[in-house]
Each structure stands twice: as C-alpha cells, then as structure tokens.
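Please look at the model below with its packing in mind.

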Amino acid sequence: MATATTRRARRRRTTLTALVFISPWILGFLIFTAWPIIYTAYLSLTDYDVLTDPSFVGMDNYRELFEDPKVLLSLRNTMYFTLLSVPLHIGVALALALLLQQVIRGRGFFRTVFYLPNMTPPVAVGVLLLLLFNGHTGAVNVLLEAVGIPGPQWTTDGRWVVPGLVLMSLWTLGGSVVILLASLNQVPQDLYDAAKLDGAGAWRRLTRITLPMISGTLFFLVIVNTIAGLQTFTEAYTAYFGAGNQTYSNDAALFYVIYLFRQAFEYLHMGYASALAWVLFLVIMVISMIQYFAGRKLVYYEGEDGG
C-alpha cells in the first residue's frame with residue numbers, strides 16, 4: 001500500500017514539475033492565441049472600427065459576408081491558387097529530392113542550396129516577382145522569347161496573375177525538398193533490391209515502393225501546403241497591393257486573406273474582418289478533415305496491416 005502511495009506521489013511531483021516547465025508556453029498560448037480567438041468570435045458579432053467601442057449587431061456581419069461579391073471572388077482566387085500550387089509544389093519538390101538522393105558527394109551542399117531561398121523574406125519575394133515576371137523586361141519572358149515563345153503579361157493580364165504567383169511560390173519549396181529527402185532515406189534498400197531481382201523497372205519501383213513508403217510525408221505536406229495556400233498573403237499583397245504598386249492591382253490578385261486584411265486595417269471594419277476570419281477557419285477545418293479521412297485510406301504507416 002505504501003509503495004502504491006509513493007508511486008502516486010512521485011507521479012504527481014513529476015506532473016507538477018512538467019507543468020512548471022511548460023507553464024510559459026501555456027501562458028503564451030492562453031494570452032496570445034486562445035484569448036484572441038475567443039475575442040474575434042465576439043468581434044464578429046459587432047460593428048467595430050477600432051476607434052469606438054464595439055456595438056453588438058448579431059449575425060449582420062455574416063449575412064453581409066454571404067452577400068459580398070468580393071468575398072466569393074477572393075475565395076475563388078484563393079482556391080484556384082491552392083489547387084495549382086499544392087500539386088506543383090509537391091511534385092517539383094519530390095523530383096528534386098529524388099535527384100538529390102542520387103548525389104553521393106556534395107549532397108549536403110546542394111541540400112543547403114535548395115533550402116537557402118526559404119530564408120528570403122516574403123516581402124522580398126513579392127518584389128522579386130515583379131522583377132522576374134515583368135511582361136516586357138522580366139527574366140522569365142526574356143528566357144521564353146529566347147526559345148521562341150512569346151511570354152504573357154504576368155502581372156497585368158488577369159488570366160496570368162495567379163499562375164505567375166504559383167510559379168513564384170516554388171521559390172520556397174526547399175523545406176519540402178529537405179523533408180522528402182529525409183523520408184526517402186528511410187525507405188529500406190532491401191525493398192528496392194528485391195524489386196530489381198523481380199525485374200521491376202524504375203517507374204514500378206517508384207510507384208509501388210517509394211510513393212507508398214513516403215505517403216505519410218506526402219500527406220503531411222499536402223495538408224500543410226493546403227493550409228498555407230488558403231492563407232497566402234504577403235507575396236501577393238506586396239506585389240499587387242503594397243505602397244507604390246497600385247497600378248498593378250486588380251481583382252485577379254485579390255486573395256481571401258488580403259481582402260480580410262484590407263477590411264481590418266485599411267477600412268477599419270474590424271468586426272466584419274473577424275467574421276471573415278472565422279469563415280476562413282471553418283473552410284480550412286472542413287478541407288483538412290476531408291483530407292484527413294481521405295488520407296486514412298491512402299496513407300501507409302509502418303506497422304499497420306492495411307492501408
């Protein structure tokens with residue numbers, strides 16, 4: 001009996017010690033994350049312009065939101081960007097990771113080279129977009145013209161604004177390359193050796209061994225990049241809505257978070273912006289849940305009998 005009591009006391013002391021060590025994080029989460037989330041839920045039910053006290057308006061902000069054509073436009077642009085960028089990002093990152101895996105000497109150097117663009121500030125990437133994708137003097141169109149392809153007006157033609165942003169988003173795929181390379185290195189070599197003995201070619205080894213074995217990592221990257229795509233803001237805002245760039249601004253570059261930001265900090269419609277934020281939260285949650293339940297059937301986890 002005494003031994004059981006001693007164990008319980010030891011567990012309580014261990015738990016209290018752990019809570020003491022993580023208490024700074026708990027306080028930070030409550031103050032800087034949980035409370036703002038709760039408060040924005042309240043603000044979404046008010047008319048608040050920051051300068052005066054909030055006045056309760058009930059569901060008026062949400063009713064206005066569903067009648068606002070800019071909301072549908074910005075959400076459509078955001079979905080279009082996400083649907084283009086996520087598969088392209090993961091596909092290119094996987095191809096680079098597979099190439100990098102074949103490098104024996106200098107792999108660490110190339111891994112660093114791929115990751116370095118991630119250190120570029122997003123604002124600088126937005127400015128770089130305007131330089132590289134300028135319809136007349138940009139490096140992208142210069143290269144296209146060199147091979148006989150007339151380049152489009154990436155920054156002024158509404159049909160090409162989102163594709164240009166998608167291509168520019170590849171600038172920061174180095175993090176995904178590093179993650180995928182680590183996952184590829186964990187695939188047992190014995191599986192490849194056995195497949196070669198059975199006569200499996202490179203494509204069959206890729207589709208039957210490599211992709212299933214790294215499907216957990218791919219699933220993680222799909223979810224993370226989908227959430228990032230739905231929240232894309234800085235590069236597009238800098239390029240098309242920042243100071244001095246108003247001549248380039250058009251509705252094709254109006255993403256959901258940009259519209260939310262402008263409502264909150266340019267027009268001071270903080271209550272309406274809070275409602276926009278909650279709608280975005282619900283959209284991300286629903287999409288993430290759909291991906292999660294789809295992933296349960298498609299993702300292989302080592303140690304499980306079935307997919």
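This is a predicted model: local features need pLDDT of at least 70, side-chain atom pairs count only at pLDDT 80 or more; totals for chains, interfaces and linings use all residues.

Residues are numbered from 1 along each chain as its sequence is written, and side-chain values use heavy atoms, without hydrogens and water.

Helix H2 spans residues 60-67, and its buried residues are Asn-61, Tyr-62 and Leu-65. Buried means under 20% relative accessible area, exposed over 50%, and partly exposed in between (1.4 Å probe, protein chains only). Helices are DSSP runs of H or I with at least four residues, numbered from the N terminus.

Leu-65 is also among the residues with the most contacts inside the largest nonpolar core, which has 42 residues. Such a core is a set of buried Ala, Val, Leu, Ile, Met, Phe, Trp, Tyr and Cys residues joined through side-chain atoms within 4.5 Å. H14 gives the most to this core, with nine residues. Another core, apart from it, has 19 residues, including Val-86 and Leu-221.

Rings of Phe, Tyr and Trp (its six-membered ring) pair if their centres lie within 6.5 Å; planes under 30 degrees apart count as stacked, over 60 as edge-to-face and the rest as tilted. The count comes to 14 aromatic pairs. Trp-35 and Tyr-39 are stacked, at 5.5 Å centre to centre and 25 degrees between the planes. Both lie in helix H1, four residues apart. Phe-81 and Phe-255 have ring centres 5.3 Å apart and planes at 50 degrees, so this pair is tilted. Phe-81 is in helix H3 and Phe-255 in the loop between H12 and H13, and both are buried.

Conventions. Helices (H or I, at least four residues) and strands (E, at least two) are DSSP runs, numbered from the N terminus.
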